[in-house]
Amino acid sequence: MEQRYGPITFAVNAAGTGVGQKYLCDQDEESWLRTIDTNLNGSFRFCRAVVPGMMHRRRGSIVLVSSAAGKRGVPANTAYSASKWGLNGLVRSLALEVGPAHVRVNAVCPGFTDTEMVRDESLFGGDFMDSVRRHAGPPDLTWERYWRSTVKQTALRRLIDAEEVAEITAFLLSDHARSITGQSYSIDGGLP
């Protein structure tokens, strides 16, 4: 990667997918594997590409975008949740490996964030809501009612602003966070 982009000191991996999520009993293996490959294996590949140069220069900071689902289970999101739990484990273990070389690794774990994906059900996937309606009901539950209900359960009772996620990410990359590594920070409005 550095042959193409030059020396990398700060790196953020925000690639991820949540499409095709359903209750495990409805989940097909292809969607499960695609989710794990994008969210967890993609982060592994990303880190493997940037870590050697950082360790060689004895300086660097990596932030991986995880999810609140990586700290708590979410029905109809087993693959997504599992991939993000795994990502948080990757952060913890990698931080121990690269810490002696003065490289830091952290994650941010946003809850429902005010993005197009939250506002437009088709971007998240109707499969999720079909599965939720079938197994947990009610049959007329809409995507908007679902996410609004989840947000109402948080202490702040509002969507997270994408800028808030960007600000904590920038902080974790900066020297202001020079003693923070191996952490997965919740930005979820106080999910119970």
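Both phenylalanine 128 and tyrosine 146 are buried, and in this predicted model they belong, together with Phe112 and Trp143, to one aromatic cluster. The points below take up that cluster, then a nonpolar patch on the surface that includes Val19, and finally an open sheet of four strands.

**Aromatic cluster**

- The ring centres of phenylalanine 128 and tyrosine 146 lie 5.2 Å apart with their planes at 75°, and because planes over 60 degrees apart count as edge-to-face, this pair is classed as edge-to-face.
- Phenylalanine 128 sits in helix α6 (residues 126–135) whereas tyrosine 146 sits in helix α7, so their pairing ties together parts of the chain that are 18 residues apart in sequence.
- Counted by the ring-centre cut-off of 6.5 Å, the aromatic pairs come to five.
- For phenylalanine 112 and tryptophan 143, the ring centres are 6.0 Å apart and the planes stand at 65°, so this pair is edge-to-face.
- Phenylalanine 112 is found in the loop between β3 (103–110) and α4 (116–119), while tryptophan 143 belongs to helix α7 (residues 143–152), so the contact between them ties together parts that are 31 residues apart in sequence.

**Nonpolar surface patch**

- On the surface, Val19, Met117 and Leu123 form a nonpolar patch whose accessible area is about 220 Å² together.
- Valine 19 is placed in the loop between β1 (10–13) and α2 (29–57), and with a relative accessible area of 37% valine 19 is partly exposed.

**Strand order and pairing**

- The four strands of the open sheet follow the order β1-β2-β3-β4, and their pairing is parallel.
- β1 and β4 (184–187) are the edge strands of this sheet, each of them pairing on one side only, and from one strand to the next the twist averages 20°.
- Between β3 and β4 the pairing runs in the parallel sense over four bridges, and proline 110 stands opposite isoleucine 187, a residue of β4.

Note on methods
Residues are numbered from 1 along each chain as its sequence is written. This is a predicted model: local features need pLDDT of at least 70, side-chain atom pairs count only at pLDDT 80 or more; totals for chains, interfaces and linings use all residues. Side-chain values use heavy atoms; hydrogens and water are left out. Rings of Phe, Tyr and Trp (its six-membered ring) pair if their centres lie within 6.5 Å; planes under 30 degrees apart count as stacked, over 60 as edge-to-face and the rest as tilted. Helices (H or I, at least four residues) and strands (E, at least two) are DSSP runs, numbered from the N terminus. Buried means under 20% relative accessible area, exposed over 50%, partly exposed in between (1.4 Å probe, protein chains only). Patches are made of residues with over 30% relative accessible area and no salt bridge: like charges are joined within 9 Å, nonpolar side chains (Val, Leu, Ile, Met, Phe, Trp, Tyr) within 5 Å. Accessible areas come from the Shrake-Rupley method with a 1.4 Å probe; for residues, only the protein chains shown count as cover. A salt bridge is a side-chain nitrogen of Lys or Arg within 4 Å of a carboxyl oxygen of Asp or Glu. Two strands pair if DSSP finds at least two bridges between them. Axes are lines fitted to C-alpha atoms, for helices over the stretch in contact, and angles run from 0 to 180 degrees between N-to-C directions.
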